[in-house]
Amino acid sequence: KRRAEEKCLEILPETVCLRLSWMYARDHFSGEHGHFLSTLKATMEDEDKTVILPVFDRRGMTDAADVVKNLPAALKLEGGVWNFGSGNDADTYTTVKNVLEQTGMDAMLRRLKPDEQAFAANPRDLTMDLRKLNSAGICFPTTEEALARALKMQKDA
C-alpha cells in the first residue's frame with residue numbers, strides 16, 4: 001500500500017491518498033460475518049454465546065457514513081498521505097466494553113470476555129495519528145462515539 005501511495009505521489013504530487021481504518025456501515029446489520037457490528041450484534045443477541053475480544057489489538061473503526069460526510073473536505077486537502085477515520089487508543093475488548101456500558105447494554109457485559117492470548121506474542125497497534133487531518137479541519141467521532149451511536153440507533157429501531 002505504501003509503495004502504491006509513493007508511486008501515485010511520484011507521478012502526481014497533488015494526489016490525496018486516504019488511509020482508512022476498519023470500516024462498517026451503521027445501517028447495515030445483516031449476516032453474521034457482514035462486519036464488526038453485525039457480528040457483535042448477532043453474537044450478543046444469542047444468550048448462549050460469549051463474545052471474546054482481543055486485548056492486544058488496538059485499532060480505530062470508522063462508520064462509512066462519517067467517511068462519506070468528510071469526503072468533500074478531503075477533496076480540498078493538499079497532496080500527500082492522510083490518515084482518514086475514527087481514532088481509538090483502547091484495545092478491542094475495552095472499546096466494546098465501554099460502548100456496551102455507554103449504550104445501557106450492561107446485561108451483555110457478563111458475556112463479554114477478554115482474549116489475552118490472541119496477538120500476545122506480537123501485539124497489534126493499527127491506530128492512526130489524526131493530528132495532521134484534524135489540523136486541516138477534518139474531524140471524525142472517536143471509535144467509541146461512533147459505535148455507541150450505531151448500536152443505539154439499532155437498539156432504538
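Let's start at Phe119, which is partly exposed, with a relative accessible area of 31% (buried means under 20%, exposed over 50%, partly exposed in between, using a 1.4 Å probe and protein chains only). What you are looking at is a predicted model, where local features need pLDDT of at least 70, side-chain atom pairs count only at pLDDT 80 or more, and totals for chains, interfaces and linings use all residues. Residues are numbered from 1 along each chain as its sequence is written, and side-chain values use heavy atoms, with hydrogens and water left out.

Back to Phe119: its phi is positive, about 65°, even though this residue is not a glycine. You'll find Phe119 in the loop that links strand 7 (112–115) to strand 8 (124–126); helices (H or I, at least four residues) and strands (E, at least two) are DSSP runs, numbered from the N terminus.

Now zoom out. The protein chain has six helices and eight strands, and from the N terminus they come in the order α-β-β-α-β-β-β-α-β-α-β-β-α-α. Of the 157 residues in the protein chain, 39% are buried. Take the contacts (heavy atoms within 4.5 Å) with a separation of 6 or more: 81% of them join residues 24 or more positions apart.

Leaving aside residues up to four places away in sequence, Ser86 touches Ser21, Gly60, Met61, Thr62, Met128, Leu130, Phe140, Pro141, Thr142 and Thr143.

Two of those names, Ser21 and Gly60, take us on to the largest pocket, whose lining includes both. On a 1 Å grid over the protein atoms alone, a pocket is an open set of points where a 1.4 Å probe fits, with protein on both sides within 12 Å along at least five of seven lines, and lining residues have an atom within 4 Å of a point. The space in this pocket is about 290 Å³, a volume being the space filled by probe spheres set on the points, which are joined across faces, edges and corners. Helix 1 (2–11) and strand 1 (16–20) each supply at least two lining residues, and strand 1 gives the most, with three. Also in the lining are Lys1, Trp22, Arg59 and Met128, among others.
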